[in-house]
Amino acid sequence: CSACASGKYVDGDECKLCAAGKFSDDTNQQACKSCTSGKFSEEGAPVCSDCVPGKYLTSTGCVNCAAGKFRTENTQTTGCEDCTEGKTSAAGSAMCQDCAVGKVGGTNGLCSDCTSGKYKGSKGSGACEDCVNGKVSDTKASCALCDAGKHGESNGVCIDCEAGKYQ
C-alpha cells in the first residue's frame, strides 16, 4: 500500500488529483478542501495561493490585468485598477508608468500620440500643446521650423508657399 500524496485525495482504491480551486495539504486525505475567498490553486495543488501582482482572480484562476490597468499585492484580488490620467501599463503589470514624451494619457490608462500640429515635451499627465505658426511637430515631442518653401498653419502643419512667395 502506498499513501496518497498532498494535492491528491483517496477515492476507493485510487489517488485522484484535487480539482482547481481545491487543495490537500496532507497525505491520505479523504477529500480536498476548498480554497478560501481570494485564493486559488491549480489542479493537484497542496496549498492555495494569492494571485501575484499584475494578475487577478477569476473562477478559472489568476489572469493578467489588461493594458492600462494594474494590481499590487495590497489591492483587491478580484480585479485590477485603472492607471490614473497620464500613466499607462502593459498587460500583467503591478504598477503604472508615466506616458512617454509626445504622448497624452486618457482616463482609460492608455497613452496615445499627440495629434498633428501638437506636441508634449514632458512625461506624465498634461495636455498636448499647439505648435506655434511656422513650426510643425514631427516627433510629437517638440516642434520644428518648416522646411524652406513651406510655412506653418495655425494647426501646426507645414504647407507649400503660394507661387511667387517664399518662407
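The secondary structure of the protein comprises 18 strands and zero helices. The model is predicted. The protein has 167 residues, of which 29% count as buried. Among the contacts in the protein with a separation of 6 or more, 19% are accounted for by residues 24 or more positions apart.

One of the residues involved is Tyr9, whose bridge partner in strand 2 is Lys16. Together, strand 1 and strand 2 form a hairpin, with two residues between them. The turn of this hairpin contains Gly12, which has a positive phi of about 70°.

The segment before strand 1 contains Cys4. The relative accessible area of Cys4 is 2%, and this residue is therefore classed as buried, the cut-off being under 20%. When neighbours within four places in sequence are left aside, Cys4 is in contact with Tyr9, Val10, Glu14, Cys15, Thr27 and Asn28. Of these contact partners, Tyr9 is the residue that bridges to Lys16 in strand 2. A further position considered in relation to Cys4 is Ser24, which lies 20 residues away in sequence. In space, the C-alpha atoms of Cys4 and Ser24 are 9.9 Å apart.

How values were computed: Residues numbered from 1 in each chain as written. Predicted model: local features only at pLDDT ≥ 70, side-chain atom pairs only at ≥ 80, totals over all residues. Heavy atoms only, no water. Pairing = 2+ DSSP bridges. Helix = DSSP H or I, 4+ residues; strand = E, 2+ residues; numbered from the N terminus. Buried < 20%, exposed > 50% of the residue type's maximum accessible area, 1.4 Å probe, protein only. Contact = heavy atoms within 4.5 Å.
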